[in-house]
Amino acid sequence: MTKPGAEGTTACKVKKAAYPALLAGSAAFAFLIFTISISTGIFRVPLVTVVKILLAEVYPLEQTWSNSAGIAVIAIRLPRTLAAMLIGAALSLSGASYQSMFKNPMVSPDILGVSAGASVGAAAAILVNAELVWIETGAFLGGLAAVSLTMLIPKLVRNNSIVILVLAGIIVGGLATSVMSVIRMLADPTTTLADITYWTMGSLARVKMKELTVIGPLIVTGLVVLLLLRYRLNVLSLGDNEARSLGVNVSRTRFIVVACATLLTASSVCVAGVIGWVGLVIPHISRMIVGIDNKKMLPVSMFLGGSFMMVIDLLARTLAAVDIPISVLTGIIGAPFFFLILLKQKRRIL
Amino acid sequence: MSSLIRAEEISYRYNRGPEVFRGISFDLDEGEIFTILGANGAGKSTLLNCLAGIFKPKSGRVFLNAREMGELTHREIAKLIAFVPQIHNPTYGYSVREYVVMGTTPYIGAFASPRREDYRTADQAIERMNVAHLADKAYTDLSGGERQQVTIARALAQRPRLIMLDEPTAHLDYGNQLKMIKLIKTLCEEGFAVVLTTHVPDHPVILDGRVGILTRSGGLITGGAETLLTDESLTALYGIEIRMKYLDECSRRICYALFDG
């Protein structure tokens, strides 16, 4: 009876009592990775000292650490690790929301072309030397245009299958990539071109607290709204007519979900360029752990995504003498992982 | 007193296609059954969707409790009408309990999740439909008949006054079909108004309510089961010779076809 292409994941893998523990566990895990990441680097700061330095920011503590440790933690590693955590959470929650809303476990911000669209918008803003606020606005509008186009294509060809939506994303993503090349050609080789190139490779090395104070609140807003809507996403994933007959204002809810998921994608593109795989793989892993219920899956996805990204960033800055681009690592880890998921569910997908 | 639901001269068409039906009027009150018969593709499901407020009629008006449907929110409509679709293949296999609790959505705020009392409502509906043994199973792992029962449980959890069922017997074996019809009759006796579509003329006879025949020209002929379901009307509807005959053993009329190949 399962529909072709349906994931058909079984309902509840976790006993009721286990979920709060799992959620607390994943939050604690994220916090642990957070402190480990800040403590690790060429200049090692012990874990306890990291916690003390962080606490001192909000609570007056006697300074028992060197000034250089304080600078390494607060000025360099804190913004970078915070950015990694926020971006991982943002991409995972945005992917999980798209997957529910489109009733399609095979989509993510990068597959739908949203990331590519957002990067076109952001690059266009960089091209004209715009302020950060305008880069964010450009990324958001570019992402919104891309996702609208991707949603339109299945309607035009009157085919609602999982494959068509993925193909639509490939079309839109391909288009955006070409526009991106045009922007590169137009960029001034001495100034903006370098900026655009550096930024598209996806790195957190240049993240500053100032940038985070603008984009952080946007990401937190998107995360909170999607988390609040997590039960609505369950209802929405039944299909438009079903959701409508259950009293949901489908077009309004869908608009809010798309806007928030796109805001999250655009914000992370703004900070670190296009980062693939996270938005696809993390929701799948979360479903394997807590089941498909978005009430549980979304919060766990957020913490796992944040942790995953912090680990990736830690690897990016410690594996080699130079910073490895983030998207290189997410690809190397994410792609084989997704293959394993496909292998595990081979009977159920397509 | 105005009726629970009243349709006035409604018509519908898909995009630029021809009219599916036109000029359809009828009304229904609590405790009443309305059965819609019609050939394949006649537009029974479309009509049901229009009456349930899921599709918007292209002309004409539908009133719920004397208020025009277009002025009501989806939430307000969902508190009055529960819809049991014909076949539903969700992508994600929520547990039956999680699926049934979605019936309480019209009573839950947009940013909230079901509370304990909503799960209690769901559990009662699951008990009522005798599917407690399925509560932890994934909806996608159920058989057609089980899905139907679970979806009706969801409709009950919605606490509506009108239940609409689109071909509730379509995926059921013969025994389950008749159990379904019996259940519908009980629901009606409990005070729900019921609108359903079916392909079996015996069903409206057993249900003994009002009947609407959706004709090939897109009109709806309404009347009581006794007067409307005749040899002539059913023969015209299905395009084969059909007879209605009273059978003493079951104390009702039965429908059969004169079929000689």
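This is a predicted model: local features need pLDDT of at least 70, side-chain atom pairs count only at pLDDT 80 or more; totals for chains, interfaces and linings use all residues.
The contact draws 41 residues from chain A and 42 residues from chain B.

Polar interactions across this interface comprise 11 residue pairs in polar contact, both residues of each pair being at pLDDT 80 or more. On the side of chain A that touches chain B, two or more residues are given by each of helix H3 (67-101), helix H8 (209-228), helix H9 (230-236), helix H10 (240-245) and helix H13 (294-318) of chain A. The largest share, six residues, comes from H9(A). Classified by residue type, this side of chain A has 15 nonpolar, 14 polar and 12 charged residues.

Two salt bridges are counted between chain A and chain B. In a salt bridge between Glu242(A) and Arg154(B), the closest N and O atoms are 2.8 Å apart.

A search of the whole structure gives 22 salt bridges over all chains. Within chain B, the side chains of Arg6(B) and Glu8(B) form a salt bridge with an N to O distance of 3.1 Å. Glu8(B) has a relative accessibility of 27% and is therefore classed as partly exposed; Arg6(B), with a relative accessible area of 27%, is likewise partly exposed.

A further salt bridge in chain B pairs Arg61(B) with Glu68(B), for which the closest N and O atoms are 4.0 Å apart. Glu68(B) counts as partly exposed because its relative accessibility is 24%, and Arg61(B) is also partly exposed, at a relative accessible area of 39%.

Arg252(B) and Asp202(B) form another salt bridge, with 3.3 Å between the closest N and O atoms. This pair connects distant parts of the chain, since Arg252(B) belongs to strand E12 (residues 252-257) and Asp202(B) to helix H7 (residues 202-207) of chain B, the two residues being 50 residues apart.

In chain A, salt bridges with shared partners unite Arg80(A), Asp313(A), Arg317(A) and Asp323(A) in one network.

Notes. Residues are numbered from 1 along each chain as its sequence is written. Chains are lettered from A and ligands numbered from 1 in the order in which they are written. Side-chain values use heavy atoms; hydrogens and water are left out. Buried means under 20% relative accessible area, exposed over 50%, partly exposed in between (1.4 Å probe, protein chains only). Helices (H or I, at least four residues) and strands (E, at least two) are DSSP runs, numbered from the N terminus. Contact means heavy atoms within 4.5 Å. A polar contact is a pair of N or O atoms within 3.5 Å; within protein, one must be able to donate a hydrogen and the other to accept it, and residues adjacent in sequence count only if both atoms are side-chain atoms. Ala, Val, Leu, Ile, Met, Phe, Trp, Tyr, Cys and Pro count as nonpolar, Asp, Glu, Lys and Arg as charged, and the others, Gly among them, as polar.
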